[in-house]
Amino acid sequence: MTANNEPAEMTPNRRGPESVSTSEIDERRSASAAADDGPLGSPRVSSPVIESRDLDVFYGDTQALHGIEMEVPERQVTALIGPSGCGKSTFLRSINRMNDLIDVARVEGDLYFHGKNVYDDDVDPVALRRKIGMVFQKPNPFPKSIYDNVAYGLRVQGKDDGDVDEKVRTALEQAALLDEVEDQLDESGLDLSGGQQQRLCIARAIAPDPEVVLMDEPASALDPVATSKIEDLIDDLAEEYTVVIVTHSMQQAARISDKTAVFLTGGHLVEFDDTEKIFENPESQQVEDYITGKFG
Ligand SMILES: Nc1ncnc2c1ncn2[C@@H]1O[C@H](COP(=O)(O)OP(=O)(O)OP(=O)(O)O)[C@@H](O)[C@H]1O
Ligand SMILES: [Mg+2]
């Protein structure tokens with residue numbers, strides 16, 4: 001099983017009731033924050049939803065990420081960009097512990113969600129993934145009806161409390177798909193177009209009402225029209241959710257994100273700042289070269 005193809009929210013809950021506390025604040029957080037060895041830019045974000053502190057990720061003996069320092073602001077779109085293999089997906093997966101599903105992966109350092117280290121022993125990764133949902137590059141609806149695809153997450157998570165119909169409709173509406181599928185909710189999700197399938201996957205991810213939606217190149221398999229729909233949708237989603245998106249398209253990052261993190265070869269986060277600043281006046285020469293196409 002590869003983490004890339006496995007929707008985390010569909011993993012059966014083996015660990016019992018939700019145990020993610022949002023109140024406990026680890027003291028190491030302020031200690032490591034004070035170390036101030038982060039990337040260039042690094043704007044202080046008031047009450048970040050996610051904070052990465054000196055985060056390293058290894059696959060076996062190979063280090064894929066080095067000392068990542070980042071603060072993800074609430075209800076904004078944060079884009080992760082950089083050349084292939086620089087660790088964007090690895091970082092994204094470390095936020096909701098999807099790397100747990102890769103045997104050889106090992107995470108060191110701290111990753112806080114509302115001040116609680118998600119790698120603490122008392123955090124249930126399945127509960128965490130309810131709050132931090134994920135959408136993958138390749139649309140991966142289940143071989144079930146459109147309705148059941150969206151309802152599945154609610155049922156697995158014990159939220160089948162009678163108003164499933166309403167929640168399914170709301171999620172489809174938020175995913176800008178309801179108008180197109182309203183009369184075919186009983187038909188297979190697999191019969192939709194690629195762009196519709198991806199919006200269905202977004203509906204499935206948001207149905208359980210997470211706080212954060214992680215997206216790993218959600219539009220890269222789609223045509224320009226479908227891509228533009230997804231981009232509009234991401235813009236709308238950010239009114240309610242915190243969105244972290246990996247994209248290979250710098251134009252897309254510039255269009256849709258508020259903050260941009262530039263990872264470069266070797267798994268280093270080189271610069272993190274307001275998207276406008278990154279694209280108009282980056283601090284780092286390497287980032288400037290990457291943005292202008294001289295590198296990467
Ligand atoms: N499951 C895995 N096992 C071993 N090594 C891995 C695994 N996944 C990723 N890596 C390695 O970690 C590094 C970062 O990979 P990652 O997939 O995070 O990069 P990326 O920036 O998302 O690349 P792309 O833009 O091509 O998707 C690469 O060197 C990659 O080979
Ligand atoms: Mg990737």
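Predicted model: local features only at pLDDT ≥ 70, side-chain atom pairs only at ≥ 80, totals over all residues.
**Briefing: ligand shell, a helix pair and some residues worth a look**

Let's start at helix α9, residues 250–256, which is where you'll find Gln 251.

**The protein overall**

- The protein has eleven helices and eleven strands.
- It runs to 296 residues, and 46% of them count as buried.
- Take the contacts with a separation of 6 or more: 72% of them come from residues 24 or more positions apart.

**Around ligand 1**

- Which residues sit around ligand 1? The list is Tyr 59, Ala 64, Gly 82, Ser 84, Gly 85, Cys 86, Gly 87, Lys 88, Ser 89, Thr 90, Ile 102 and Val 104.
- Sorted by class, that shell has five nonpolar, six polar and one charged residues.
- Helix α2, residues 88–95, gives the most to the shell, with three residues.

**Helix α2 and what follows it**

- How many of the residues of α2 are buried? Eight of its eight are, and the helix is mostly covered.
- By name, the buried residues of α2 are Lys 88, Ser 89, Thr 90, Phe 91, Leu 92, Arg 93, Ser 94 and Ile 95.
- Just after α2 comes Arg 97, with a positive phi of about 60°.
- Arg 97 is in the loop that links α2 to β5 (105–113).
- A positive phi here belongs to a residue other than glycine.
- Arg 97 counts as buried because 22 other C-beta atoms lie within 10 Å, against a cut-off of 20 or more.

**Another positive phi: Glu 217**

- Glu 217 is in the loop between β8 (212–216) and α8.
- Its phi is near 50°, which is again a positive value in a residue other than glycine.
- Is Glu 217 buried or exposed? Glu 217 is buried, since it has 21 other C-beta atoms within 10 Å and 20 or more is what the label takes.

**The α7 and α8 pair**

- Two packed helices are described by the angle between their axes and the distance between the axes.
- For helix α7 (residues 194–206) and helix α8 (residues 224–237), the axes come within 9 Å and cross at roughly 20°.
- Angles under 35 degrees count as roughly parallel, so α7 and α8 are roughly parallel to each other.
- The crossing of α7 and α8 is right-handed.
- On the α7 side, the residues that meet α8 are Gly 194, Gly 195, Gln 198, Arg 199 and Ile 202.
- On the α8 side, their partners are Ala 226, Lys 229, Ile 230 and Leu 233.
- The residues of this contact divide into four nonpolar, three polar and two charged.
- An α-helix has 3.6 residues a turn, so residues three or four places apart point the same way.

**Ile 202, from α7**

- Ile 202 is in helix α7, and is one of the residues there that meet α8.
- Ile 202 counts as buried, because it has 27 C-beta neighbours inside 10 Å and the label needs 20 or more.
- Leaving out residues up to four places away in sequence, Ile 202 touches Val 135, Ala 175 and Leu 233.
- Leu 172 is 30 residues away along the chain, and its C-alpha atom is separated from that of Ile 202 by 8.5 Å.

**Two more residues to look up**

- Gly 153 is part of helix α4, residues 146–156.
- With 25 other C-beta atoms within 10 Å, Gly 153 is buried.
- What separates the C-alpha atoms of Gly 153 and Pro 208? The distance is 6.4 Å, for two residues 55 apart along the chain.
- Thr 292 is in the segment after α11 (285–291).
- Thr 292 is exposed, as it has 11 other C-beta atoms within 10 Å.
- Between the C-alpha atoms of Thr 292 and Phe 279 there are 9.0 Å, and along the chain the two are 13 residues apart.

How values were computed:
Residues numbered from 1 in each chain as written. Chains lettered and ligands numbered in written order. Near = placed C-beta within 6 Å. Helix = DSSP H or I, 4+ residues; strand = E, 2+ residues; numbered from the N terminus. Nonpolar A, V, L, I, M, F, W, Y, C, P; charged D, E, K, R; others polar. Axes fitted to C-alpha atoms, helices over the stretch in contact; angles between N-to-C directions. Parallel < 35°, antiparallel > 145°, perpendicular 65-115°, else oblique. Left-handed = near helix turned anticlockwise from the far one by under 90°. Contact = placed C-beta atoms within 7 Å. Buried ≥ 20, exposed ≤ 12 C-beta atoms within 10 Å, placed from the backbone.
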